[in-house]
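Trainee: I have a model on my screen and would like to learn how to read it. Could we go through it feature by feature?

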Amino acid sequence: MQTRITQLFGIQYPIMQGGMHYVGKAELASAVSEAGGLGILTALTQRTPADLAAEIDRCRAMTDKPFGVNLTFLPVVNAPDYPGYVQVILDKGVPVVETAGNNPVEYLPMLKAAGVKVIHKCTAIRHALKAQAIGCDAVSVDGFECGGHPGEDDVPGLILLPLAAKALSIPFIASGGMADGRSLVAALALGADGINMGTRFVATREAPVHDRVKQAIVQAGERDTRLIMRALRNTERVLRNPAVDRIVDVELALGDDVRFEHIAEHVAGVYHRVMVEGEVESGAWSCGMVAGLIDDVPTVRDLIDRIVDEARAIATERLKAVF
């Protein structure tokens, strides 16, 4: 299954695992890469650059296939040691970096000089064009359906992807709402070169999160996510739970006067409690609308094989019969 993305990253199938906090660890990234996709370690889940170096070594011990590192540039007062993380990526010879958040232009020359392929996460065509202009090798185009931060434009993938195909010359992958072979065929038909999956990969056996997280996703329907922090222009799609309901109530009551401190207890520092300890109702955690399409917790290999087989059947049987 060859596309510009498989050629760019040296992988078998055009399926990428999104970088996710407390999820993108060696167990999951290596499993995705071993099954023919592109696994991604999440740098900021590791407390220090030295921890990231150890996690890269751990992943390399589990797979000899290509994998990448996600580096999200956050608008915070006390920034992480980004130069240190980048240096580790270079020292360890990581072939792919997924950047997200703020513009990665400061670090692109170092990465590109070392031959690292950079794919930047974008939620708008204007952002994708900017990523292309500064030298990114590819972009991930995230539709409004996606878990985490979908941007502020509210444009779903069915519109965003063909717009990206028309506007971009570099390869791009479709993110948001991707779960199965139908997703892959649809993304390719709309002009993408592959798919990026986040929530779907959380609900796999190798995902290093508590089983209650996986079961919460399986039990959720397509109407069970909520958007929070809209007034703060830091919109996040999360799975509905009592804590999220309280956030929504506060935001509705305060309107444009809401401040982060009004909801901080339900947002800040909750990921360890949710992902590691399984306290799935203790706060807000990212989840895509695609949860409505997820009804099992397979191994990563079984999931990817199923996606590829379904996609091939659709392309060679159903669509051939139609045309």
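Trainee: Let me begin with one side chain: is Arg126 buried or exposed?

Mentor: The general idea is to ask what share of a residue's area can be reached: buried means under 20% relative accessible area, exposed means over 50%, and partly exposed lies in between (1.4 Å probe, protein chains only). Arg126 reaches 51% relative accessibility, so Arg126 counts as exposed. Keep in mind that this is a predicted model, where local features need pLDDT of at least 70 and side-chain atom pairs count only at pLDDT 80 or more, while totals for chains, interfaces and linings use all residues. Residues are numbered from 1 along each chain as its sequence is written, and side-chain values use heavy atoms, with hydrogens and water left out.

Trainee: Which side chain does Arg126 meet in a salt bridge?

Mentor: A salt bridge is a side-chain nitrogen of Lys or Arg within 4 Å of a carboxyl oxygen of Asp or Glu. Here the partner of Arg126 is Asp153, at 2.7 Å from N to O. Arg126 sits in helix α6 (residues 125-134) and Asp153 in the loop between β6 (138-142) and α7, so this pair ties together parts that are 27 residues apart in sequence. As for the labels, helices (H or I, at least four residues) and strands (E, at least two) are DSSP runs, numbered from the N terminus. Asp153 is partly exposed, at 34% relative accessibility.

Trainee: How many salt bridges does the count come to?

Mentor: The count is 14. One of these pairs is Arg4 with Asp193, whose closest N and O atoms are 3.0 Å apart. Arg4 belongs to helix α1 (residues 4-9), while Asp193 is in the loop between α8 (181-189) and β8 (195-197), so the pair ties together parts that are 189 residues apart in sequence. Arg4 counts as partly exposed at 35%, whereas Asp193 is buried at 9%.

Trainee: And which residue does Asp154 meet?

Mentor: Asp154 forms a salt bridge with Arg230, at 2.6 Å from N to O. Distant parts of the chain are linked here: Asp154 is in the loop between β6 and α7, Arg230 is in the loop between β9 (225-228) and β10 (236-239), and the two are 76 residues apart. Asp154 is partly exposed, with a relative accessible area of 32%, and Arg230 is partly exposed with a value of 32%.

Trainee: Now the strands. In what order do they lie in the open sheet?

Mentor: Two strands pair if DSSP finds at least two bridges between them. The open sheet has eight strands in the order β1-β8-β7-β6-β5-β4-β3-β2, with parallel pairing. Its edge strands, β1 (15-17) and β2, each pair on one side only. On average, neighbouring strands of this sheet are turned by 30 degrees against each other, direction ignored.

Trainee: What joins β2 to its partner?

Mentor: Four bridges connect β2 with strand β3 (residues 67-73), and the two run parallel. Within β2 (residues 39-42), Gly39 and Leu41 point one way, Ile40 and Thr42 point the other way, and all are buried. Ile40 stands opposite Gly68 in β3. From β2 the chain crosses through helix α3 (residues 49-62) to β3, and this β-α-β crossover is right-handed. Right-handed means that, with the strands pointing away from the viewer, the path from the first strand over the helix to the second runs clockwise. Four bridges also join strand β5 (residues 117-122) to β6 in parallel, with His120 opposite Val139 of β6.

Note on methods. Axes fitted to C-alpha atoms, helices over the stretch in contact; angles between N-to-C directions.
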